[in-house]
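Good morning, and thank you for joining this group meeting. I ask you to look at the sequence and the model together while I speak.

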Amino acid sequence: MAAMTGLRVDIREKRFPAVAGGPERVIYRDFALEVASGAILMLLAPSGLGKTTLLNIIAGLDRDFIGSVRLDAAPGGRGRSRLSYAFQSPRLLPWRTVEENVALPLGEGDAARGAARAMLDAVGLLEQAGAYPERLSLGQQRRVALARAFVIEPDLLLMDEPFVSLDEAGAARLRDLLRRLLAVHPATVIFVTHDSREAVELGTRIVRLDGPPARIVKDIAINLDAAARRAAPGEALRAELAAP
């Protein structure tokens, strides 16, 4: 079972270069965010404010900024913390089978294939292990992407609107699946969304950003059971998030 890790992000400045003669854009300035181990942090903000940029900085995919990202020491003596990233699109390799896509982060061999099949079983797609991604529905492809994200037993899981473009029923099923996976494979989660309902349903903490430059305007801890999140207390939280 994975242990969990926390982190601290300090961004003194992050700019995007000028495009077509326009000005440079300052996305972050003097921005700090600390995430406790085991939190499910929902990052709520309108499109274009820099949510994906923040995830890319945390993941080490974007190093063109002034500042630092500090992860807790990996628990259990396994060295560096394990990080998984679930993107807006499933990003499955079309020339690899479902099983091969899930096993990809683990490399070759029987152990990798066995772990991939076990995770496909956990997301309800073991029967599709030999299929290619084009044969799957979008909802199934997103389940495969979840399986791939969890197969390495991550300490930190980054999720960039992973259920976008699904209808509400399909998204609700995947939110339920995510909760079940985290119950068995706990991780610290940073989940980007623009949907306050999704944020209230999943999070242990919600951070709402405004800007630019991006700044934290709401930071709310959530201590509600599943029923309360869908009832009046959840509606009150959504109203609080929407308030200026």
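First, the ground rules. This is a predicted model, in which local features need pLDDT of at least 70 and side-chain atom pairs count only at pLDDT 80 or more, while totals for chains, interfaces and linings use all residues. Residues are numbered from 1 along each chain as its sequence is written, and side-chain values use heavy atoms, with hydrogens and water left out.

Let us begin with the pockets. The search uses a 1 Å grid over the protein atoms alone: a cavity is a set of points where a 1.4 Å probe fits but cannot get out, a pocket is an open set with protein on both sides within 12 Å along at least five of seven lines, and lining residues have an atom within 4 Å of a point. Grid points are joined across faces, edges and corners, and a volume is the space filled by probe spheres set on the points.

The largest pocket has a volume of about 270 Å³. Among the residues that line this pocket are Ile57, Ile58, Gly60, Asp62, Arg63 and Phe65. Two elements give two or more residues to this lining, namely helix 1 (51-59) and strand 4 (66-71). Helices (H or I, at least four residues) and strands (E, at least two) are DSSP runs, numbered from the N terminus. Helix 1 gives the most to the lining, with three residues. By class, the lining has seven nonpolar, two polar and three charged residues; here Ala, Val, Leu, Ile, Met, Phe, Trp, Tyr, Cys and Pro count as nonpolar, Asp, Glu, Lys and Arg as charged, and the others, Gly among them, as polar.

Strand 5 (83-86) and helix 4 (138-150) are the elements that give two or more residues to it. Strand 5 supplies the largest share, three residues.

Two residues of that lining deserve attention as a pair. Rings of Phe, Tyr and Trp (its six-membered ring) pair if their centres lie within 6.5 Å; planes under 30 degrees apart count as stacked, over 60 as edge-to-face and the rest as tilted. By this rule there are three aromatic pairs. In one of them, Tyr85 and Phe87 have ring centres 4.1 Å apart and planes at 15°, so the pair is stacked. Tyr85 counts as buried, at 13% relative accessibility, and Phe87 as partly exposed, at 21%. Buried means under 20% relative accessible area, exposed over 50%, and partly exposed in between (1.4 Å probe, protein chains only).

Why is helix 4 described as largely enclosed by the rest of the structure? The reason is that ten of its 13 residues are buried. Those buried residues pack against strand 5, helix 2 (98-103), helix 3 (110-122), strand 6 (156-160) and helix 5 (168-184).

Among the lining residues are Phe87, Arg142, Ala145 and Leu146.

Now to strand 8. Val207 lies in this strand, which covers residues 205-210, and is buried, with a relative accessible area of 1%. Leaving aside neighbours within four places in sequence, Val207 is in contact (heavy atoms within 4.5 Å) with residues including Leu33, Leu41, Ile216 and Lys218. Val207 and Lys218 are eleven residues apart in sequence and 5.6 Å apart in space, C-alpha to C-alpha.

Lastly, the loops. The peptide bond from Gly211 to Pro212 is cis, with omega near 5°, and a cis bond also joins Pro212 and Pro213, where omega is about -10°. Pro212 belongs to the loop between strand 8 and strand 9 (215-221). In the loop between strand 6 and helix 5 we find Glu161, whose phi is positive, near 45°. Ser165 is found in that loop too, with a positive phi near 75°.
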